[in-house]
Amino acid sequence: MGNGTVASFQLFGLTFSVANLVSGAIVFLLAIIFVIATTRHITMRPSKGQNVIEWLIDFTNGVLKGNLPANEVRGYGLWGFTLFIFIFLSNQLGLFFNLMINGKAIVRSPTSDPVVTLTMSLMTVVFANYSSIRRWGTKGYLTSFVKPFWFFFPINIFEELSSFLTLGLRIFGIIYSGEVLLEMIWQLAESHGILTMALSLPIEMIWQGFSAFLGAIQAYVFIMLSSVYIGRKLQEED
Amino acid sequence: MLLHLVVARTLYNGDTIFYALSFILLMWIVKIFAWKPVTKMMQDRSNKISNDIDNAEKSRKDAAAMAEERQAALAGSRVEAQTIVKDAKENGQQQREQIVTQAQTDAQSLKDKAQKDIAQEREDALASARNDVADLSVEIASKLLQRELKADDQKALIDSYIEGLGEQHES
């Protein structure tokens, strides 16, 4: 959490954070449980779980449809859907399930760490550039950086970088601040015994609900902006 | 820039790889367990719905065509019935006229035959009468010739003749 430190270890010359690994694994498992549970009995007349997943697929496809060229939507549906449930679960995890051992965070929202959110946005940027190469070929991809003419080259490069940063840091800021505030409300609650406990309980509940709402909105915003970004790559003016 | 952001922490460069890999793995698992079957089912459903709509449209058209056909057949049979009745009436009329004509012809021919018979009979009667007259004349003539030889006798003859006539009248 905000003030808590994070345990870390070194492996293969890379640094891993325990909290991110555990939280990421939990999100990963939750996502798998969700998709398997909702698709156990797939029928023509959808039941409860199938309705939920079909609604979600329709929802993410709808977001993609608004931003990508119509003939490309099919190829990006899986990506949009997976991204949405992954980020959505990541945003919500820390709100309902927070674990600290010896002052070190073990479970929290993975998206409250900029490394994770920037990883996600980096993946979007890489995926977008890959899509552009696949769509226009290597030559077309490279020349898209000097359009409308050579002077725009640094601007285009900077645009890539700013997309990467804004996409990752927006969601980090919102989820991180949400968790920091939850932590502060908790500190307030335990500062003066039962009185502040009772006082802060409704505040905590309200803020938790609001954060859950924000987490859902941010997951939506993330795939929306990612698809806008990829759509712009695919619809480059010739 | 990244370093600046996480300056208070360690840079968990391993996490980046971990998340990227787990995301790709998750995408693969979602594809196998959820994405493929669900999108296939959604596609199937939309196909089925569109087929059902087409079929409904088709059967509606069929029903309309059948109703129209039945209506036409009904109208046709009505017309046919009318024709049959009309034909029967005409036939009856014709037959009646034929019978009446036949009867008239028969009556006429019977009448003609009767008239012919009557005329024939009259002719026969006249012929026989004429024969009788001739015979009578011949007889009278022969009687006259017999009496002419004598004048006296002539007178007696005339008398007898007159007498005879008178007798004839009386009788």
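In what order do the elements of chain A run from the N terminus on? I read them off as β-β-β-α-α-α-β-β-α-α-α. I note at the start that this is a predicted model.

**Entry 1: the two chains**

I counted the secondary structure of chain A and got six helices and five strands. For chain B the count came to three helices and zero strands, and its elements run α-α-α from the N terminus on.

I then looked up burial. In chain A, 48% of the 238 residues are buried. In chain B, 11% of the 171 residues count as buried.

I also checked how far along the sequence the contacts of chain A reach. Taking contacts between residues at least 6 apart in sequence, I found that 69% join residues at least 24 apart.

I started with helix H2 of chain A, residues 48–67. H2(A) has 20 residues and reaches 29 Å from its first C-alpha to its last, close to the 28 Å expected at 1.5 Å a residue.

Which residues of H2(A) are buried? I listed Gln50(A), Ile53(A), Glu54(A), Leu56(A), Ile57(A), Thr60(A), Asn61(A), Val63(A), Leu64(A) and Asn67(A). I kept a general point beside this list: an α-helix has 3.6 residues a turn, so residues three or four places apart point the same way.

Next I took helix H1 of chain A, residues 18–38, which packs with H2(A) at an angle of about 120°, the axes being 8 Å apart. On the H1(A) side the contact is made by Phe34(A), Val35(A) and Thr38(A). On the H2(A) side I found Gly49(A), Gln50(A), Val52(A), Ile53(A) and Leu56(A). Sorted by type, the residues of this contact are five nonpolar, three polar and no charged.

**Entry 2: H3 and H4 of chain A**

H3(A) and H4(A) pack at an angle of about 175°, with axes 13 Å apart. Because angles over 145 degrees count as roughly antiparallel, I put H3(A) down as roughly antiparallel to H4(A).

Which residues meet here? From H3(A) I noted Tyr76(A), Trp79(A), Leu83(A), Phe86(A) and Ile87(A). They meet Met120(A), Thr124(A), Phe127(A), Ser131(A) and Arg134(A) in H4(A). The residues of the contact divide into seven nonpolar, two polar and one charged.

I looked at Phe86(A) on its own. Phe86(A) is found in helix H3, residues 73–96. Is Phe86(A) buried or exposed? I found a relative accessible area of 1%, so Phe86(A) is buried. Leaving out residues up to four places away in sequence, Phe86(A) touches Val27(A) and Met120(A), and also Tyr19(B), Ser22(B), Phe23(B) and Leu26(B). Phe86(A) and Met120(A) are 34 residues apart in sequence, and their C-alpha atoms are 10.0 Å apart in space.

**Entry 3: H4 and H6 of chain A**

I turned to helix H4 (residues 114–143) and helix H6 (residues 193–234) of chain A, which pack at an angle of about 25° with axes 8 Å apart. Angles under 35 degrees count as roughly parallel, so I recorded H4(A) as roughly parallel to H6(A). The crossing of H4(A) past H6(A) is right-handed.

For the contact, I noted that the H4(A) residues include Met120(A), Thr124(A), Phe127(A), Ser132(A) and Trp136(A). The H6(A) residues are Phe222(A), Ser226(A), Tyr229(A), Ile230(A), Lys233(A) and Leu234(A). By type the contact holds nine nonpolar, six polar and two charged residues.

**Entry 4: two single residues**

Thr124(A) is found in helix H4. With a relative accessible area of 1%, Thr124(A) is buried. What does Thr124(A) touch, not counting residues up to four places away in sequence? I found Trp79(A), Leu83(A), Leu167(A), Phe222(A), Ser226(A) and Tyr229(A).

Gly231(A) lies in helix H6. I found Gly231(A) at 1% relative accessibility, so Gly231(A) counts as buried.

Technical notes:
Residues numbered from 1 in each chain as written. Chains lettered and ligands numbered in written order. Predicted model: local features only at pLDDT ≥ 70, side-chain atom pairs only at ≥ 80, totals over all residues. Heavy atoms only, no water. Axes fitted to C-alpha atoms, helices over the stretch in contact; angles between N-to-C directions. Helix = DSSP H or I, 4+ residues; strand = E, 2+ residues; numbered from the N terminus. Parallel < 35°, antiparallel > 145°, perpendicular 65-115°, else oblique. Left-handed = near helix turned anticlockwise from the far one by under 90°. Contact = heavy atoms within 4.5 Å. Nonpolar A, V, L, I, M, F, W, Y, C, P; charged D, E, K, R; others polar. Expected span 1.5 Å × (residues − 1). Buried < 20%, exposed > 50% of the residue type's maximum accessible area, 1.4 Å probe, protein only.
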